[in-house]
Amino acid sequence: MRTLEVTKLRDLTGPGETDDYGIGGTDLGAAALAPDGRLVAVFGDTFESRHAGGPGWRSPVILFGDPASVRDAGGVRWWGSAGGDGAYAEQVVSYRHNARIGGRFGGLVGGTRITTQLPTDVLTVGDQMYLHVMACEGLGHVHWTEIHRSRDNGETWESTGLSWPGGHLGGLFQMLTWELGPDGYVYALTTGFQRDKGLLLHRVPADRLLDAASWEGWGFAHGAWRWGNAPTPVLPGAFGELSLRRVGDGWWLAAFDAGHYRVDLVPMPQGPTTDLTTAERLTVIAGCGWGDEDHGCGRVAQCYGGYILPGSTPDEMHLVVSQWNTHDNWPYRAMHFRARIGV
């Protein structure tokens with residue numbers, strides 16, 4: 001039985017942390033290493049004041065960090081942002097909030113209203129980076145998902161033209177996390193954005209990532225699990241944000257288990273096709289009420305997210321965890337937690 005020692009290292013965003021980048025309140029924070037080695041972290045709905053809402057609304061935004069700082073006692077250190085010449089973190093995907101966008105997936109006459117576009121994960125393949133986003137009308141209502149690409153280490157992004165309707169695979173292909181395997185495939189776990197669905201598993205050759213026909217599911221049919229079958233749930237439940245990563249020589253999943261109100265780490269000893277229904281679950285963050293918080297041991301009110309940071313090791317995992325007080329709209333922030341894992 002493994003043991004956990006959980007420590008909060010710091011607030012990654014908020015007053016006194018990201019003022020220089022025009023970031024008061026934000027959340028999410030999926031991260032990957034860029035081709036040039038910088039840490040690239042992608043955040044969701046972002047505002048200039050600390051509260052959710054208010055001026056300066058943009059999403060997604062990107063901060064650049066020092067990867068060597070991940071394992072420091074003080075947590076990740078930021079040194080820059082994407083989207084402009086100055087320090088201010090600009091929105092890196094081109095659209096207007098609350099605008100109507102037409103001509104996609106049989107949208108309504110007059111266009112489909114898009115409130116915001118939220119990032120789910122970022123991936124590096126060779127000398128390019130890929131960002132998966134959800135085009136949403138309010139939280140939980142996804143019109144479509146789309147992949148964007150950066151050829152300059154996350155500084156600027158453009159649409160690749162590859163997108164899926166929000167109802168693809170019964171709505172289980174909205175929230176996505178992905179990772180490049182040593183076999184040349186990109187593996188992806190997906191779920192809905194309503195926090196009431198289980199997980200599906202997919203793969204695609206890395207050199208055909210942008211060919212929708214090359215994506216295939218892992219599914220159970222005729223008494224066996226096989227690639228190429230229609231994808232069937234690999235883990236039932238009610239999940240939110242996901243983070244699939246290779247850590248050392250192994251695969252790990254961090255998942256916000258909304259049904260049990262916690263963020264878990266799941267080692268995957270057989271790789272992406274590990275039986276997640278029997279896999280070990282290590283709870284790093286336990287959700288609680290506002291009067292019961294203890295960040296020092298991982299008790300966090302209104303928690304979500306949980307993204308594995310580059311630089312993690314099998315015995316010391318580092319996660320970006322979000323918190324949003326939906327009554328007061330503060331705290332609304334991303335935080336850095338460390339989980340030391342023993343046997």
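Analyst: Let us start with a location, keeping in mind that this is a predicted model: N153 sits in the loop that runs between β10 (142–150) and β11 (158–165).

User: What is the phi of N153?

Analyst: N153 has a positive phi of about 65°, although this residue is not a glycine.

User: Is N153 buried or exposed?

Analyst: The cut-off for buried is under 20% relative accessible area, and N153, at 19% relative accessibility, therefore counts as buried.

User: Which residue other than glycine has a phi near 60°, and where is it found?

Analyst: That residue is R195, whose phi is positive and near 60°, and R195 lies in the loop between β13 (185–191) and β14 (197–205). Because its relative accessibility is 31%, R195 counts as partly exposed.

User: Now to peptide bonds: which residues does a cis peptide bond with omega of about -5° join?

Analyst: Omega is the angle to read here, and with a value of about -5° the bond that joins S59 and P60 is cis. As for its setting, P60 belongs to the loop between β3 (39–43) and β4 (61–65).

User: And what is omega for the bond that joins W330 and P331?

Analyst: For W330 and P331 omega is about 0°, and the peptide bond joining them is cis. P331, for its part, is placed in the loop between β23 (316–324) and β24 (332–342).

Technical notes: Residues are numbered from 1 along each chain as its sequence is written. This is a predicted model: local features need pLDDT of at least 70, side-chain atom pairs count only at pLDDT 80 or more; totals for chains, interfaces and linings use all residues. Side-chain values use heavy atoms; hydrogens and water are left out. Helices (H or I, at least four residues) and strands (E, at least two) are DSSP runs, numbered from the N terminus. Buried means under 20% relative accessible area, exposed over 50%, partly exposed in between (1.4 Å probe, protein chains only).
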